[in-house]
Amino acid sequence: MGRLLIALAASGALLLARTAPAATDFDWSVDLRAVASDGEQSRLNGGLGKLRFDSDHDGLRLGEVRAGLRTDLSDTMRLVAEAVAYGDHDVNAVDLTEFYVDWRPIPHSIWRSRVKLGAFYPEISLENRMRGWGSPYTLTYSAINTWVGEELRTIGGEYSLDWLGRSNGHNFDVSLNAAAFGWNDPAGTVIASSGWGLTDRQSTLFGRFNNGGRPNTQRTLFYDDMDKRAGYHFGITANYRGLLELHALHYDNRADLADASTVIQDTTWQTYFDSLGARYTPTAALTLIGQWLHGRTLAGLGPPVNAWTFDSEFLLASWQHGVMRYSARYDRFASQQTASNFLPYVENKYFGDRGHAWTLAGARHFGEHWSAIAEGLYVQSWVAQRTISSEYGGLDIPANASERQWQLAVRYQR
Amino acid sequence: MACTVLSVPGLAVGASALSVTVFGADGKPLEGAVVIAEPAAGSPHPSLGSKSIAVMDQRNLMFVPDVLVVQTGTAVDFPNSDQVRHQVYSFSPAKPFQLALYGGRAHAPVVFDHAGLVTLGCNIHDSMIGYIWVTDSPWFGRTGTNGTLQLRDIASGDYTVRIWHTRLSETGPQLETHVHVEDGAPLAASFHLRHALKAELMHHGADKKWADY
């Protein structure tokens, strides 16, 4: 409750700090939840459960308090800051998820350049399209975007070149983007140690993450640069008349494994992946989204070098009917360790998980400021490292688990 | 023959009138088609006279109306009725312009002084597309729910009648026809599109919860 009060106070302070120049746009929201869960100990509480809320952490909960600030530094340059409080055990009660400057000159031809500098999400999710990187469809993000929210942030610069076909009589726009970044060397820690998750808990720029508990109980600092070597990602997006939007992204943090330390939170993880996504909006009421991601992560000096593959995909359908929105999503996910140099310490078990999940949500708006979202989530998973015995610092529980989580969120936003 | 022109004697007495009906490829009357009757080269282009200001509003991340037809020299106001700010631009040769980021009514009306099609965009919301047809002719409009537009008080002479639609998926001679107007002899022209219209543009909500970019 103390943390909740701190979060609410911080939100209020931000509100009072609001100045009213026309060039500043401030918005905030509060999300309170009633939760019922039979989940295993959550990955957020040191366990290997897949959900945000487990059976020991349900009841009345803070979903989040978030505040967003958009300030125009000039007519074409904007500063964006997103702050959030989750009321959980992170080191900072309020922290930033994004903080960047966006330069977007007014186009004088069909080509437009854009530049982003700071800390922001790569253009990967077709689901997280609300301010603060939230989803309008479900409370819980897909497994793919749960992981993106947990482990990825571009801290650096991104250049985009847009071909504005639709402003010139064509049917589609195309955009190419490329980014160079640092401070993402630990990316891969969570997927390797805990596998995939299904939460709406984004990591924060200065926060920590209690990564799966055992056998690696350390809390990970996500956004750190150990090797002084820049990573990159590049991608393409295309939009056909607003009906069909396609995203493709290749990411590689180019972490230098020679920079590995014996302490996991100081270890570089070389992580690279490809992601493809499509959003189809055949009518104003219906939205269909699909995304696929496949990657690898490597850590340690070896021999052998620890290696994992991970992949997931989801399909989401959402139907808007007046003030109601109904959404359903199916996720499938798997990760598999393919090489290990610590087998003797974990009962000769390779890490890995696989499973699938169904998420059903219904949302209703009550006027301009209030909304309520009910969500049911069922996830069936197998996680190899759940079976590691307590002698080895493991959880010593069955590898298979079926978890259910019911949430009713009440949101107020201004 | 995609366009037909009929003389309709006795339909009206006095000023000449031209009734234009547009049918989609499905044979149903097409609402919202732009119709412009341009006097043949050398003929005078009378001014509409009244210089009222036309309005291109911005509501729910859309330009409203989606297409505006104005006579050359008309000033167009661009109020922003959304909660979020817009930054309207065009790089169309007929009228390149930009309106610095704004909400409400921050900018003076823009005068459209060259004929042609002007495509509007918003630099903040790439999904927003709007059109302004600028024509030297005073005889223009959009078809109603019955697919028909009545053009009145047309002077005698030769005219090229053109049609256009925001979702048109075809080009070709079927989109224009030539007519000769004589005093007191009303005409009716009809157009039949050959191809189905493109799908409607899709938009998401315009409140502050949605990310701009």
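**Briefing on a predicted two-chain model**

Setting aside residues up to four places away in sequence, A:Leu198 is in contact with A:Lys50, A:Leu51, A:Thr140, A:Ala143, A:Thr146, A:Asp331, A:Ala357, A:Leu377 and A:Val379, where a contact means that two C-beta atoms, placed from the backbone, lie within 7 Å. The model is predicted, so that local features need pLDDT of at least 70 and side-chain atom pairs count only at pLDDT 80 or more, while totals for chains, interfaces and linings use all residues. Residues are numbered from 1 along each chain as its sequence is written, and chains are lettered from A and ligands numbered from 1 in the order in which they are written.

**Cores and the enclosed helix**

- A:Leu198 is among the residues with the most contacts inside the largest nonpolar core, which has 52 residues, and the others named with it are A:Ala143, A:Ile144, A:Trp147 and A:Ile191; such a core is a set of buried Ala, Val, Leu, Ile, Met, Phe, Trp, Tyr and Cys residues joined through C-beta atoms within 7 Å.
- A second, separate core of 46 residues includes B:Val110, B:Val118, B:Cys122 and B:Tyr131.
- Helix H2 (residues 143-151) of chain A is largely enclosed by the rest of the structure, because 9 of its 9 residues are buried; a residue is buried if 20 or more other C-beta atoms lie within 10 Å of its own, exposed if 12 or fewer, and partly exposed in between.
- The buried residues of H2(A) include A:Ala143, A:Ile144 and A:Trp147, together with the charged A:Glu150 and A:Glu151.
- Helices (H or I, at least four residues) and strands (E, at least two) are DSSP runs, numbered from the N terminus.

**Confidence in chain A**

- Chain A averages a pLDDT of 88, and 90% of its residues score at least 70, pLDDT being the predictor's confidence in each residue, from 0 to 100.

**Two partly exposed residues of chain A**

- A:Tyr378 lies in strand S17 of chain A and counts as partly exposed, with 13 C-beta neighbours inside 10 Å.
- Leaving out residues up to four places away in sequence, A:Tyr378 touches A:Ala357, A:Trp358 and A:Arg404, while A:Tyr378 and A:Thr138, which are 240 residues apart in sequence, are 13 Å apart in space from C-alpha to C-alpha.
- A:Arg129 sits in the loop between strand S5 (111-120) and H2 of chain A, and A:Arg129 is partly exposed, with 17 other C-beta atoms within 10 Å.
- Beyond residues up to four places away in sequence, A:Arg129 touches A:Pro136 in chain A as well as B:Trp210 and B:Ala211 in chain B.

**Where the chains meet**

- Across the interface, 24 residues of chain A are in contact with 21 residues of chain B.
- The side of chain A that touches chain B divides into 6 nonpolar, 9 polar and 9 charged residues, with Ala, Val, Leu, Ile, Met, Phe, Trp, Tyr, Cys and Pro counted as nonpolar, Asp, Glu, Lys and Arg as charged, and the others, Gly among them, as polar.

**The strands of chain B**

- Chain B has 0 helices and 18 strands, and of its 213 residues 35% count as buried.
- Among contacts in chain B between residues at least 6 apart in sequence, 70% join residues at least 24 apart.
- Strand S16 (residues 157-164) of chain B pairs in the antiparallel sense with strand S3 (residues 34-39) over 6 bridges, and two strands pair if DSSP finds at least two bridges between them.
- B:Thr160 in S16(B) is the bridge partner of B:Glu38.
- S16(B) is also joined by 6 bridges to strand S17 (residues 176-181) of chain B, again antiparallel, and there B:Val161 stands opposite B:Thr177.
- An open sheet of 5 strands, with mixed pairing, has the order S7-S13-S12-S9-S10 (chain B), and its edge strands, S7 (67-71) and S10 (97-98), each pair on one side only.
- S7(B) runs parallel to strand S13 (residues 129-135) of chain B over 5 bridges, with B:Gln71 partnered by B:Thr135.
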